[in-house]
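Here are my notes on this one, as numbered points. Have the coordinates open while you read.

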Amino acid sequence: MSDPCPRRNAWKGHIQDPASQRLTWNKSPKSVLVIKKIRDASLLQPFKELCVYLMEENNMIVYVEKKVLEDPAIVSDDRFGPVKRKFCTFREDYDDISNQIDLIICLGGDGTLLYASSLFQGSVPPVMAFHLGSLGFLTPFNFENFQSQVTQVIQGNAAVVLRSRLKVRVVKELRGKKVAVPNGISENGVLAAALDAEVGKQVMQYQVLNEVVIDRGPSSYLSNVDVYLDGHLITTVQGDACPAGVIVSTPTGSTAYAAAAGASMIHPNVPAIMLTPICPHSLSFRPIVVPAGVELKIMLSPEARNTVWVSFDGRKRQEVRHGDSISITTSRYPLPSICVRDPVSDWFESLAQCLHWNVRKKQAHFAEDEEDAHEEDGAGRAGSQACGPAVCTRDGRT
């Protein structure tokens, strides 16, 4: 007899193990971008050693920012001269090198990784970040044995974590002002200001690794902005303090400004966007997490008495007025960050070493004689309770 209610085919899903994400080269990398923290004398020697190793031992083409080579300590080093002449240089906001780089190596703190992200408004090459700064949450590699670690990466023997980025679109009223675009190239090598003559708007786009921060700036009034999700108004953010506003962050950014504002910390493999208020004028406004891929749109409320200011990974800060809008969604171009071990181990290592997550002095254990006494005391209390509950009379006596 056949089943009158046949079961539907069971849906089978697969969640990828983060540790299974591996670096795979289609061909051996030939060009590398080295990003060094500017104005840090302690990084000059590691920078020189790394560049010599890449050029002379691996026969790679090394790109550096022009202002890095303008450091007086490098200019005056005659022994570094032959190597310096082999560099390919670029200038931020003027030269587009996005299609010429196979690998990025960062020397410094988390800011070097954020800067590397800003240079690539499309696809980002794999990034290997050495911890030579102050915090280093995003820079897991130590420089002591850099030769072997770089060799492992060049050979493709490494795990990666794909750090999602935000695609941000800022639309502004022109208000009769002309927009200067140097050499037709702007925000890190892409057309910075696309002007729509029909509607009189200035459009700018950014790729953001950590967060977009909207705050009230120098005004003394409440910040007052409307937040839309996929076209629907979900809330109005009102804040009352100097930095009052809202943070829209990636999981990578959840351990940055958002964590300081009270948000939860999210592993970078989790597909999500975080919305965190800054100094909300409400006791019930808690940080929320929304699915990656939704579009958030932020505008000044009609009732707002002042403008707000926006920044992208702490840079490109600008004013947002009535009629302007900020649209934010998950970018198609994540940042592939190379791991020391694997995405999970590296993340918890950073939580422990950089943020001292859940670090406290441990409770002392009982000595053997104290433990016996404690067990006897506990047994005595349990025995008295086993006699049954006390009965209370009307006058309160038991």
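**Notes on helix packing and burial**

1. Helices here are DSSP runs of H or I with at least four residues, strands are E runs of at least two, and both are numbered from the N terminus.

2. A word on provenance: this is a predicted model, where local features need pLDDT of at least 70 and side-chain atom pairs pLDDT 80 or more, while totals for chains, interfaces and linings use all residues. Residues are numbered from 1 along each chain as its sequence is written, and side-chain values use heavy atoms, with hydrogens and water left out.

3. Back to the pair: H1 (residues 44-57) packs on H5 (residues 146-154) at about 45°, with the axes 11 Å apart. Those axes are lines fitted to C-alpha atoms over the stretch in contact, and angles run from 0 to 180 degrees between N-to-C directions.

4. Who touches whom? Glu-49, Leu-50, Tyr-53 and Leu-54 of H1 meet Phe-146, Gln-147, Val-150 and Thr-151 of H5, contact meaning heavy atoms within 4.5 Å.

5. H4 (residues 110-119) is mostly covered, with nine of its 10 residues buried (under 20% relative accessible area, 1.4 Å probe, protein chains only). Among them are Leu-113, Leu-114, Tyr-115 and Asp-110.

6. For the whole chain, eight helices and 20 strands turn up, and 44% of the 398 residues count as buried.

Conventions: Buried means under 20% relative accessible area, exposed over 50%, partly exposed in between (1.4 Å probe, protein chains only).
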